[in-house]
Amino acid sequence: MQGSLMVDIAGTWLTAEDRHLLRQPEVAGLIIFARNIDSPRQVRELCASIRAVRPDLILAVDQEGGRVQRLRQGFVRLPAMRDIGECANASSLAEACGWLMATEVLAVGLDLSFAPVLDLDHQRSAVVGRRAFEGDPQRVVELAGAFIDGMNAAGMAACGKHFPGHGWAEADSHVAIPTDERSLDTLRAVDMVPFARLGDRLAAVMPAHVIYPQVDTLPAGFSRRWLQDILRGELGFEGVIFSDDLSMAGAHVVGDAASRIEAALTAGCDMGLVCNDRAAAELALSAAQRLGVRPSPRIARMRGRGTASTDYRAQPRWSAALAALKDAGLVD
């Protein structure tokens with residue numbers, strides 16, 4: 001079976017236990033969180049130590065902007081995407097923000113940020129809210145597309161989330177199991193539009209831990225109907241499929257960590273994220289070993305292609321991007 005795990009660590013440096021976990025061939029990625037970050041220099045050193053153990057690992061972070069950005073001290077405080085959407089020159093600002101974000105992330109040795117959010121703001125979901133560019137799908141296509149262009153120009157692949165759309169479901173999948181009762185036709189006409197229109201520019205997609213009962217009884221990230229029939233078949237998506245964090249409450253509907261990783265990989269995820277729970281990660285690893293998983297060749301597409309230079313602030317494009325965001329009142 002093709003598939004692999006993305007795990008995390010507890011601190012700002014690697015322990016012997018961490019190194020042992022990262023050496024397992026079923027582990028192909030690592031995501032860092034705020035607890036792993038002190039400064040840009042420390043993150044660079046942490047990434048270098050991880051590469052010394054496993055140079056092939058994909059290193060990721062959530063650096064969307066607004067309330068979801070892990071890299072803060074010594075980094076630009078990025079605006080929420082909705083703040084960009086409310087500006088007159090939103091498209092150029094979205095591109096500048098995507099480039100700036102990706103440049104900073106790549107410069108500390110990480111490969112990608114899980115961005116952009118393609119969910120629509122239906123004024124229902126508190127967990128989405130201002131993380132979304134807009135409530136209008138065509139506007140999201142425009143602005144997210146510009147953000148992706150900026151990421152790509154910096155050398156970072158883009159990951160759209162949360163397929164097929166988390167904006168209608170009111171519950172927070174971090175702590176509950178959300179449902180969206182709308183029909184597949186409605187989803188196709190509204191929330192799926194950004195994924196359909198931007199699919200050829202996305203290197204990866206992350207499905208939602210949301211149940212759409214008119215389509216399947218399982219959350220999208222565990223559903224072959226959603227991932228194989230619709231995302232791969234109907235939309236023709238050929239990139240990487242990352243699960244959302246399998247430790248979230250929205251994933252518990254399919255059982256323990258071993259059941260979750262098996263269900264996610266069987267449904268079609270290329271990589272399953274198991275975060276903030278080392279015992280669950282070890283259980284998922286045992287399941288992956290039992291299943292005989294091997295990393296998907298698609299994963300290599302997510303490796304950062306930009307420069308890891310620390311002097312990026314001297315680039316004219318950096319000055320221009322930062323000035324544009326400051327002039328719009330989006331950053332300090």
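What volume does the second largest cavity have, and which residues line that cavity?

Modeller: The model is predicted, so local features are described only at pLDDT of at least 70 and side-chain atom pairs only at pLDDT 80 or more, whereas totals for chains, interfaces and linings use all residues. Residues are numbered from 1 along each chain as its sequence is written, and side-chain values use heavy atoms, with hydrogens and water left out.

The second largest cavity has a volume of about 30 Å³. A search of the whole structure finds 2 cavities of 30 Å³ or more. Rolling a probe the size of a water molecule over the atoms shows where empty space is left. Here a cavity is a set of points, on a 1 Å grid over the protein atoms alone, where a 1.4 Å probe fits but cannot get out, and lining residues have an atom within 4 Å of a point. Grid points are joined across faces, edges and corners, and the volume is the space filled by probe spheres set on the points.

The lining of the second largest cavity consists of Glu64, Met81, Ala115, Pro116, Val117, Arg131 and Phe147. By class, this lining has 5 nonpolar, no polar and 2 charged residues. In that count Ala, Val, Leu, Ile, Met, Phe, Trp, Tyr, Cys and Pro are nonpolar, Asp, Glu, Lys and Arg are charged, and the others, Gly among them, are polar.

Glu64 is in strand 4, residues 63–65; helices (H or I, at least four residues) and strands (E, at least two) are DSSP runs numbered from the N terminus. Glu64 counts as buried because its relative accessible area is 4%, where buried means under 20%, exposed over 50% and partly exposed in between, with a 1.4 Å probe and protein chains only. The side chain of Glu64 makes a polar contact of 2.7 Å with that of Arg131 and another, of 2.8 Å, with that of Lys161. A polar contact is a pair of N or O atoms within 3.5 Å; within protein, one must be able to donate a hydrogen and the other to accept it, and residues adjacent in sequence count only if both atoms are side-chain atoms. Apart from neighbours within four places in sequence, Glu64 is in contact (heavy atoms within 4.5 Å) with Met81, Ser113, Phe114, Val117, Arg131, Phe147 and Lys161.

The peptide bond from Lys161 to His162 is cis, with omega near 5°, and His162 lies in strand 7, residues 159–163. The peptide bond from Phe163 to Pro164 is also cis, with omega near 0°. Pro164 itself is in the loop between strand 7 and helix 6 (184–189).

The loop between strand 6 (112–113) and helix 5 (137–154) holds Asp121. Asp121 counts as buried because its relative accessibility is 11%. Its side chain is joined to that of Arg82 by a polar contact of 2.6 Å. Leaving aside neighbours within four places in sequence, Asp121 is in contact with Arg82, Gly129, Ala132, Glu134 and Gly135. Between the C-alpha atoms of Asp121 and Ala279, 158 residues apart along the chain, the separation is 35 Å.

Gln123 is likewise in the loop between strand 6 and helix 5. Gln123 counts as exposed because its relative accessible area is 63%, and its phi is positive, about 60°, although it is not a glycine. A positive phi of about 60° is also found at Asn276, again not a glycine. Asn276 is in the loop between strand 10 (271–273) and helix 10 and is partly exposed, with a relative accessible area of 48%.

As for the whole, the protein chain contains 11 helices and 10 strands. Its radius of gyration, taken over C-alpha atoms, is 19 Å, which agrees with the value near 20 Å that a compact globule of 332 residues would have; the globule rule is 2.2 Å times the number of residues to the power 0.38. The C-alpha trace spans about 50 × 50 × 30 Å along its principal axes. Buried residues make up 60% of the 332 residues. Of the contacts with a separation of 6 or more, 78% join residues 24 or more positions apart.

Methods:
1 Å grid on protein atoms, 1.4 Å probe; cavity = no way out; pocket = protein on both sides within 12 Å on 5 of 7 lines; lining within 4 Å.
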